[in-house]
Amino acid sequence: MNIGLKAKPAQYRKVLEKKAEEVRRSMSAQKAAQVVSRLDVPSDEGDLSQQHHEEWIFLNRNTIDMKLLREIGDALHRIEQGTYGVCAECEEPISAKRLDAVPWARYCVTCQEAIAARIAAGDLVDEYEEAKR
């Protein structure tokens, strides 16, 4: 895909909007599947355990999807503000290769790796919280 940043923000916008729609559709499909598969009254502890496990999976996946939607929304906002493609940490350009792979990226590879290391070390809880500082 390798689109030039300055020349093609509209193409990144389309990619981001398409991904957001895919995530929303997936979330709706998950919710429908959860409702359909749920037993009204579990017949035994095994059914109850299975139901709790499915709810846990659904909630975790929903949390991940919501975070991704938030990151996509933030990227779309950066396009509007003219700051898309600029690392939020070092303020250097994010490579087109990285944005092609992760169009909602807010950090260049170097800064993302440093933030991941700080999270792993327990210095940060979440990279999204870091970006809000």
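In this predicted model, Glu91 counts as exposed, at 62% relative accessibility (exposed means over 50% relative accessible area, buried under 20% and partly exposed in between, with a 1.4 Å probe and protein chains only). Glu91 sits in the loop between H2 and H3 (helices, H or I, are DSSP runs of at least four residues, numbered from the N terminus). Although Glu91 is not a glycine, its phi is positive, at about 65°.

We can turn next to the aromatic rings. Rings of Phe, Tyr and Trp (its six-membered ring) pair if their centres lie within 6.5 Å, with planes under 30 degrees apart taken as stacked, over 60 as edge-to-face and the rest as tilted. By this rule, one aromatic pair is counted. The ring centres of Tyr12 and Tyr84 are 5.4 Å apart and the planes stand at 50°, so the pair is tilted. Because Tyr12 belongs to helix H1 (residues 9-37) and Tyr84 to the loop between helix H2 (45-81) and helix H3 (96-101), the pair ties together parts that are 72 residues apart in sequence. Tyr12 and Tyr84 are both buried.

Pro103 is also worth a look. Pro103 is placed in the loop between H3 and helix H4 (109-120) and is buried, with a relative accessible area of 4%. Apart from neighbours within four places in sequence, Pro103 is in contact with Tyr12, Val15, Leu16, Ala75 and Tyr84 (contact means heavy atoms within 4.5 Å).

Residues are numbered from 1 along each chain as its sequence is written, and side-chain values use heavy atoms, leaving out hydrogens and water. As the model is predicted, local features need pLDDT of at least 70 and side-chain atom pairs count only at pLDDT 80 or more, while totals for chains, interfaces and linings use all residues.

Terms used:
Helices (H or I, at least four residues) and strands (E, at least two) are DSSP runs, numbered from the N terminus.
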